[in-house]
Amino acid sequence: MARNVVTKTVICNGNPTEVTMREMLMPATQEELDAMTPEEREDYKFLSAFNPHTYEPAPGIICEQDVAVEMRDGVKIYVDIYRPKTEEKVPLIISWSFYGKRPFDGQSDWQIMGVPPQTVSNMSKFESPDPGYWCRRGYAVANVDPRGVGHSGGDFMQFGTQEGKDGYDFIEWAAQQEWCNGNVGMGGNSCVAMTQWRIASQQPPHLKCIAPWEGTSDMYRESLYEGGIPAHTFVGMVVREAVGPNCIDDTAANAERYPFIDCDYWKDKDPIWKNITIPTYVTASWNHFHLRGSIQGFRKIKSRKKWLRAHRDFEWPDAYNPKNLADLERFYERYLKGVNNGWEMTPTVRIDVQDVGFLNYQDERPEEAFPLKRTQYEKLYLDASDMTMKAEPVEAQAMASYDSETEEACFDYVFPEDTELTGYLKLHMWVAAEDYDDIDLFVNVQKLSTTGEFLPITLFGEPHPGAWGKMRVSRRRLDEKLSTSFQPVQAHTVSEKLEPGQIVPVDIEIWPTSRFWHKGQQIRVQVSGRYIREGWFEPLMWDTDNHGNTLIYTGGEHDSYLQIPVIPPRFQDGDIIIR
């Protein structure tokens with residue numbers, strides 16, 4: 001039978017809040033699962049038996065398994081600690097997530113795409129620092145089961161203040177252990193990155209640095225309601241796979257319970273960004289759904305020692321690439337071992353400027369900040385009379401129409417010279433629903449060849465849809481405090497339905513990108529009522545609300561345009577250009 005869904009009152013943002021929680025799948029050993037009927041197995045999932053002991057999982061590595069650590073409210077959580085077999089005190093790197101502290105515990109169906117088999121040892125937690133790598137380099141690694149997960153007690157409120165406080169308590173406990181040198185760091189990608197923001201914002205004194213690689217930072221805007229369009233399926237699937245004795249915060253169900261962002265439930269999931277002042281090494285993939293969160297986190301934290309590496313690869317092959325691991329090792333060596341190794345000379349920002357397929361125009365180009373300081377914002381004006389974009393405002397008014405459920409509208413522009421776009425794009429449009437009260441807009445910004453063929457970036461051989469943005473038009477109101485001239489940020493505090501045929505302006509945030517167009521190549525804005533991905537493998541789905549035709553108005557008073565972040569050459573002397 002399905003696990004029970006219950007309502008509990010928990011503290012969110014300092015206030016009692018009713019939260020929908022789901023009973024997690026119950027832990028069971030493989031022997032117990034084998035003895036069950038198929039119907040009985042629906043409520044259980046594999047979890048290694050509770051077995052506190054110390055053993056040697058690999059030569060020179062000690063594992064203390066199922067170590068109990070008590071939180072400030074008396075709840076006990078359990079952790080596996082891997083450390084070098086040495087008498088010397090070593091720093092600790094923490095992996096904190098609900099994926100299961102042993103390889104594939106509770107997540108046995110997940111694979112590390114793009115990473116060859118046996119690249120990562122069987123001691124590694126999913127998306128986490130590998131003890132088989134780090135222990136041999138003089139670090140301990142803690143694979144933590146947070147409260148409510150695995151055999152840990154309590155209920156699990158993910159990505160909130162409670163998790164941050166628990167992380168604080170664990171770090172301060174770990175720093176006092178006889179094997180620890182008192183310096184603690186965190187690492188990992190995706191979910192394991194997201195928890196780092198929350199824990200670091202609680203400022204545990206012995207947390208000396210973090211490395212959140214590819215981590216959503218705004219759960220509401222970047223995951224559950226991107227552009228205001230509900231996307232609950234993926235998060236709901238992940239929650240239903242969690243294993244533990246009690247309940248988990250059902251984020252997807254709570255997104256339906258709390259559809260607007262101005263409530264304690266969502267405020268509790270927003271890290272205290274000003275509190276993150278320790279050294280931080282962030283990565284972001286231009287082609288991954290953690291992109292906005294990674295870059296927003298980098299921009300929001302107040303650390304004077306922060307670094308960003310924005311790349312074209314998928315998160316897992318990037319995280320376990322030997323070159324990138326060596327780079328991360330220098331970061332940890334500097335702040336967890338105190339070695340003066342010159343890490344501070346690392347450029348604050350490094351970017352891959354993408355070209356086509358798996359090719360980059362430039363690799364890890366050094367920059368001083370993001371967005372780039374020399375960015376020149378220009379506008380390409382949409383013209384529905386011939387479905388193009390123009391460098392100058394369009395005087396004549398025109399209208400384009402597409403069926404919101406099956407068709408799309410595309411506007412193209414030919415670059416007259418080599419052009420690099422790096423940063424945030426923005427799409428300003430005047431739109432109407434012909435016979436309905438709402439519109440969902442899915443936007444892709446793409447590169448075309450000199451002859452008009454689609455030139456996608458490819459990952460794992462699949463074509464990426466392009467730099468993207470989304471908006472439910474009834475959620476078009478912007479947050480004036482968060483929005484800038486280059487990044488419109490929706491308020492998500494009210495729904496403003498349309499009258500059929502009512503023409504309204506919208507400003508759509510396009511998530512950051514870095515791409516190079518050669519002279520004669522084209523840029524395309526693709527607008528649709530659905531996410532057009534054609535083979536792209538993301539398991540993401542949106543609950544769209546479209547009916548009939550969507551109308552796009554251009555020209556005259558309807559000044560629809562795409563704002564682009566043009567990056568000029570660093571130096572030009574005649575025909576000599578240095579970028």
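User: Hi! Which strand is Ile 576 in?

Analyst: Hello! In this predicted model, Ile 576 sits in strand β31, which covers residues 576–578.

User: Is Ile 576 buried, exposed or partly exposed, and why?

Analyst: Ile 576 counts as partly exposed because its relative accessibility is 49%, and the exposed class needs over 50%.

User: Which residues make the nonpolar surface patch?

Analyst: Phe 571, Ile 576 and Ile 578 make it, and the patch is about 290 Å².

User: Okay, zooming out. How many helices and strands does the chain have?

Analyst: There are twelve helices and 31 strands in the chain.

User: And what is the radius of gyration?

Analyst: The chain has 25 Å, which agrees with the value near 25 Å for a compact globule of 579 residues. Along the principal axes, the C-alpha atoms fill a box of roughly 75 × 60 × 40 Å.

User: What share of the residues count as buried?

Analyst: Of the 579 residues, 60% count as buried. The chain exposes about 22500 Å², with carbon and sulfur atoms supplying 49% of that area.

User: New topic: how many disulfides are there?

Analyst: The count is zero. Take Cys 180: the nearest cysteine sulfur belongs to Cys 209 and is 12 Å away, whereas a disulfide needs the two sulfur atoms within 2.5 Å.

User: Are those two buried or exposed?

Analyst: Cys 180 counts as buried because its relative accessibility is 3%. Cys 209 counts as buried too, at 0% relative accessibility.

Notes. Residues are numbered from 1 along each chain as its sequence is written. This is a predicted model: local features need pLDDT of at least 70, side-chain atom pairs count only at pLDDT 80 or more; totals for chains, interfaces and linings use all residues. Side-chain values use heavy atoms; hydrogens and water are left out. Patches are made of residues with over 30% relative accessible area and no salt bridge: like charges are joined within 9 Å, nonpolar side chains (Val, Leu, Ile, Met, Phe, Trp, Tyr) within 5 Å. Accessible areas come from the Shrake-Rupley method with a 1.4 Å probe; for residues, only the protein chains shown count as cover. A salt bridge is a side-chain nitrogen of Lys or Arg within 4 Å of a carboxyl oxygen of Asp or Glu. Helices (H or I, at least four residues) and strands (E, at least two) are DSSP runs, numbered from the N terminus. Buried means under 20% relative accessible area, exposed over 50%, partly exposed in between (1.4 Å probe, protein chains only). The radius of gyration is taken over C-alpha atoms; the globule rule is 2.2 Å times the number of residues to the power 0.38.
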